[in-house]
Amino acid sequence: MTPRSTLLVLAAAIVALFLLGCPKQESTDTGAPATVSPTKPTAAAGGTIRISGAWALYPMVVKWAEIYQQLNPQVRIDVSAGGAGKGAADALGGLVDIGMVSRAIKPEEEAKGGWWVPVVKDAVFPTINEKNPVAEQLLSRGLTRQVFRDIWITGKITTWGQAAGSDNRDKITLFTRSDACGAADTWAKYLGGTQEDLRGTGVYGDPGLAEAVRKDPLAIGFNNLNYAYDADTGRPVAGLRIVPLDVNGNGKVDENEKFYDTKEAAVQAIQDGRYPSPPARDLNFLCQGAPQGLTKEFIRWCLSEGQKYVLEAGFIPLTPEKLQAAVKKLGQ
């Protein structure tokens with residue numbers, strides 16, 4: 001064998017050894033489209049849902065989030081309160097996936113791409129301190145819408161004697177909400193105004209307003225159902241009393257209006273319409289555009305399986321017709 005032949009044999013052997021040592025590459029071209037990872041996660045895939053907004057809806061959504069995460073451990077749901085205005089702004093600004101809004105959705109919010117559905121019902125109640133000097137009269141007679149209006153909107157009534165029809169001269173300490181919120185919006189709507197029309201010292205949040213009234217015997221404020229009533233006792237929060245609405249203006253709390261002593265009775269009155277709307281109203285989820293993926297799955301669960309926890313959490317279920325319409329709006 002010539003030297004040149006020897007070199008050719010050695011070169012061929014080296015090439016063979018190199019090819020045998022390389023891992024075999026399998027073809028991935030099956031003729032079918034490649035599988036793409038989902039850009040919009042589902043509960044099975046996991047992910048995070050961010051929710052912010054109304055104090056009114058906060059306890060319900062915390063309950064829903066807790067149960068949904070137990071059923072889907074791979075899902076994380078972050079819930080924070082801060083008022084309906086914050087929830088709407090956060091949702092429309094893309095800071096959260098769902099905004100909790102405890103009032104009607106505004107046309108300008110829909111114009112910005114806001115998509116919404118109601119999820120439960122709630123109500124706002126006027127509250128006074130249990131040591132109010134005319135509490136006995138207020139609780140037995142109630143107050144008319146016009147009296148409430150003259151306290152919060154027109155400013156014509158400034159003393160507890162004027163409110164209760166007595167000679168008491170104690171000045172009313174008037175509170176409202178400082179944050180843009182559904183409770184103030186709804187209470188003002190009942191009185192024929194807007195939140196901006198409400199007089200009084202502004203206090204942040206439902207818990208803050210309840211505490212302000214609890215500390216002042218001459219105070220009056222308003223709170224959502226779950227902040228006016230104690231979740232454990234079912235009675236008004238310690239230190240507070242709920243002022244009945246004298247809807248028919250007859251100067252007394254009629255038998256069918258005696259439902260303010262317990263949360264259970266108040267919920268029933270909201271359900272059957274004895275407590276007017278407003279101050280009762282639907283609570284909504286608001287999204288920037290129609291929800292997709294995990295967010296859509298969660299909303300669908302809230303409107304279906306999640307409804308079994310509504311009464312337990314102290315809220316009022318939507319009517320079957322409203323639920324059906326909400327599910328239809330959500331789509332497949």
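Guide: Let us begin with a side chain: that of Asp179 makes a polar contact with the side chain of Arg177, at 2.8 Å, where a polar contact is a pair of N or O atoms within 3.5 Å, of which, within protein, one must be able to donate a hydrogen and the other to accept it, while residues adjacent in sequence count only if both atoms are side-chain atoms. This is a predicted model, in which local features need pLDDT of at least 70 and side-chain atom pairs count only at pLDDT 80 or more, while totals for chains, interfaces and linings use all residues. Residues are numbered from 1 along each chain as its sequence is written, and side-chain values use heavy atoms, with hydrogens and water left out.

The side chain of Asp179 also reaches the backbone nitrogen of Gly205, at 3.1 Å. As for its place in the chain, Asp179 lies in the loop between strand S5 (173–177) and helix H8 (182–190); helices (H or I, at least four residues) and strands (E, at least two) are DSSP runs, numbered from the N terminus. With a relative accessibility of 8%, Asp179 counts as buried, a word that stands for under 20% relative accessible area, whereas exposed is over 50% and partly exposed is in between (1.4 Å probe, protein chains only). If we leave aside the neighbours within four places in sequence, Asp179 is in contact (heavy atoms within 4.5 Å) with Trp55, Gly82, Gly83, Gln195, Val203, Tyr204 and Gly205.
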